[in-house]
Amino acid sequence: MLQTRFLTSAVFCLMLSVAQVQAQDGNPSAVQDEEFGEARLLLQMGRESIIRDEIRFSEDEEVAFWAAYDAYRGDVMIIRNRQADVVIAYLKAHRDGEVSEQQAEQLIDDALAIKNDLLKAQKKHLKYFRKALPAWKATRFFQLENKLDAELDVQLARFIPLMDPL
């Protein structure tokens, strides 16, 4: 799991540093967008590598799993894109000292909606993973996903400053 922690932390820190620069500039450049995209691609490749290392698939399982996984990650990336947008907007507002009462309310509403949507995506795709894999492998996959997501959440919590009182 050390490999997982190192890879996740390194890539996520890169992603967040790009997000911070975007928030500071107020006008993200194409280079920053490209760096952010590259960091997310590295993170995704790291996830796939960890899954391959931690779950040994038969030939039939592998084909079915990766098809289900691609669909699942597609849905998750849409949600994570929303999360990144919320984080970047908050960082900019926090830096500028302009987090209004309305923005604070929206922030928590967005955060809870994102958590809810991630759970919905997992529930939606679970049936496909159950069809592709024996129960113990499907469970192990979701354990890995949860561990990776938890590490991302830890890094995010370390990076995002607490809201200041008005």
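Me: What makes Ile79, Arg82, Gln83 and Val86 contacts of Ile114?

Reply: Contact means heavy atoms within 4.5 Å, and, leaving aside neighbours within four places in sequence, Ile114 is in contact with Ile79, Arg82, Gln83 and Val86. The C-alpha atoms of Ile114 and Gln83 are 6.8 Å apart, although 31 residues separate the two in sequence. This is a predicted model, in which local features need pLDDT of at least 70 and side-chain atom pairs count only at pLDDT 80 or more, while totals for chains, interfaces and linings use all residues. Residues are numbered from 1 along each chain as its sequence is written, and side-chain values use heavy atoms, with hydrogens and water left out.

Me: Why is Ile114 called buried?

Reply: A residue is buried under 20% relative accessible area, exposed over 50% and partly exposed in between, with a 1.4 Å probe and protein chains only. Ile114 has 5% relative accessibility, and therefore counts as buried. Its place is in helix H4, residues 101–132, where helices (H or I, at least four residues) are DSSP runs numbered from the N terminus.

Me: Why are H3 and H5 called roughly parallel?

Reply: Two packed helices are described by the angle between their axes and the distance between the axes. Here the axes, which are lines fitted to C-alpha atoms over the stretch in contact, with angles running from 0 to 180 degrees between N-to-C directions, lie 13 Å apart at an angle of about 15 degrees. Angles under 35 degrees count as roughly parallel, over 145 as roughly antiparallel, 65 to 115 as roughly perpendicular and the rest as oblique, so H3 and H5 are roughly parallel to each other. Among the residues making this contact are Tyr69 and Tyr72 of H3 and Phe141 and Glu145 of H5.

Me: How do you know that Glu145 is buried?

Reply: The relative accessible area of Glu145 is 0%, and Glu145 is therefore buried. Not counting residues up to four places away in sequence, Glu145 touches Arg47, Ile51, Tyr69, Tyr72 and Arg73.

Me: What makes the pair of Phe57 and Trp66 edge-to-face?

Reply: Rings of Phe, Tyr and Trp (its six-membered ring) pair if their centres lie within 6.5 Å, and planes under 30 degrees apart count as stacked, over 60 as edge-to-face and the rest as tilted. By this rule there are 14 aromatic pairs. The ring centres of Phe57 and Trp66 are 6.1 Å apart and their planes stand at 75 degrees, so the pair is edge-to-face. Tyr69 and Phe141 also form an edge-to-face pair, at 5.8 Å centre to centre and 80 degrees between the planes.

Key
Helix = DSSP H or I, 4+ residues; strand = E, 2+ residues; numbered from the N terminus.
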